[in-house]
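Please open the structure in a viewer and keep the selection tool at hand.

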Amino acid sequence: MFATVAFISVAASADDNAGNYTAEQITAVSEMKMPDKWSFDDCIRWATTNSTDIRRTILNILQADQDISSAKDAWLPTVGFSTSQSFTNYPSPGGGKDGNIYGSSYGINANWTVWEGNVRKYRLESSKILRRQQQLAGDDVVKSLKLGILQAYLNIMYAEEAVKIAEQTLEVGDSQTARAQRLMESGRTSKVDYAQIESQRAQDSYNLVQAKSNYESAVMSLKKILELGFTYNLEIEDVTFPDRAVLADLPAKEQVYDLATAWLPGLKSNELSKDIYANDVKIAKAGNLPSVSLSGGIGTGYTGRGSAWASQMGKNFNENIGVNVSIPIFDGNSTKRAVAKAKLAELEYDLTKKNLLDNLSQTIEGLYVDAANAKAKYISGISQLEATQLTSDLVNRQFELGLVNPLELLTAHNNLLNAQLELLQSKYMAILANKTISYYATQEIALP
């Protein structure tokens, strides 16, 4: 099995042997027991051991391991066996010679490159860097999973509370409808007034159906992230957020930005790209350098004219060894163009870094704006809810006494519902922004 910690610790290490993954991990079945009610930590553990994206990252790392092995193998010599068989026909042989001659040759040849401008060295370095980038890609997948689960988990909590509000509102609507019916039967209100209240009760019933549908959609979103089957009945733990979770002070934006730039996988991966671009330039420049290789071999052969096959094979046996030096003089400017292109590719590092930092800055600034707006809306929403609750209670009592018309009752009823939902929405928007900001600063998410 594998986990989040494996990626974080390995990606932070420069040891090429760190993080030994196996192909079995890609298809391994999770040994984690499914809980009856899922906590946020349960969701994180499950996702980081079962996510297809995580397993795909392990596959990429295993492929990078093969690339490293191939780069190391470039230092090995090459050895090959070759043979040729021929048959020659002379239509007019002279001197009593045979017109058909069979010939064959056999040889074992070896070649080893001694030096080629250190191209093999630079390619090995780059392949090791690419492996570390794949490990950082695993960290980035974990980051996306955590933030995605956080949003989906909070959406379920929001939808669950919205269902409770809809149920309470429907209960009040039932009570108001029953009261209106009694007033109509006693002649103290009209059928039109009763119909208005009954229509509102039908709307409350639909609102409950819609709230339950939103809850199911939120659960489905989390199940999709966790890659659970559609038949699985997912329930989350009951979590209560106190006011301090909404109203908590946040660290300075600059501090969060500095902390995030120190650990975000995308930024660290781009820093590694700088070394790859530098190696590409060195490899391109190697086109102007000489190369040295050693070659050697043994061989023998046989022709139909002459002594017997065994005798010829022994007499024709030979050994050879040689040094080959290749010095480039002019290659049509191909090396010059390759160096120029490699240097231009180095500029990609600066552009990517600027783009990543700009996106991070905008993300953090947007989170602080969302957190401030949601917090202000939550504070005002508490006062607004208290006022609308008092108004609704008063209007309900007055309606029971026949002192207000249905329009006033329905207005108070809807105002209370809207105040409850707006307060609930601002609460979870603030929590989402606060927890996300905390994650960028600490790499940790805790609920509540």
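Is Asp-42 buried or exposed? Asp-42 is buried, at a relative accessible area of 11% (buried means under 20% relative accessible area, exposed over 50%, partly exposed in between, with a 1.4 Å probe and protein chains only). The model is a predicted one, in which local features need pLDDT of at least 70 and side-chain atom pairs count only at pLDDT 80 or more, while totals for chains, interfaces and linings use all residues. Residues are numbered from 1 along each chain as its sequence is written, and side-chain values use heavy atoms, with hydrogens and water left out.

Next, select Arg-45, which forms a salt bridge with Asp-42, with 2.5 Å between the closest N and O atoms (a salt bridge is a side-chain nitrogen of Lys or Arg within 4 Å of a carboxyl oxygen of Asp or Glu). Arg-45 is partly exposed, at 45% relative accessibility.

Now select Asp-238 and Lys-37, whose side chains meet in a salt bridge of 4.0 Å, N to O. Asp-238 is exposed at 63% relative accessibility, whereas Lys-37 is partly exposed at 38%.

Proceed to Glu-271 and Lys-353, a salt bridge with its closest N and O atoms 3.8 Å apart. Together with Lys-274, Glu-271 and Lys-353 are linked in a network of salt bridges.

Finally, select Gln-151, which is partly exposed, with a relative accessible area of 42%.
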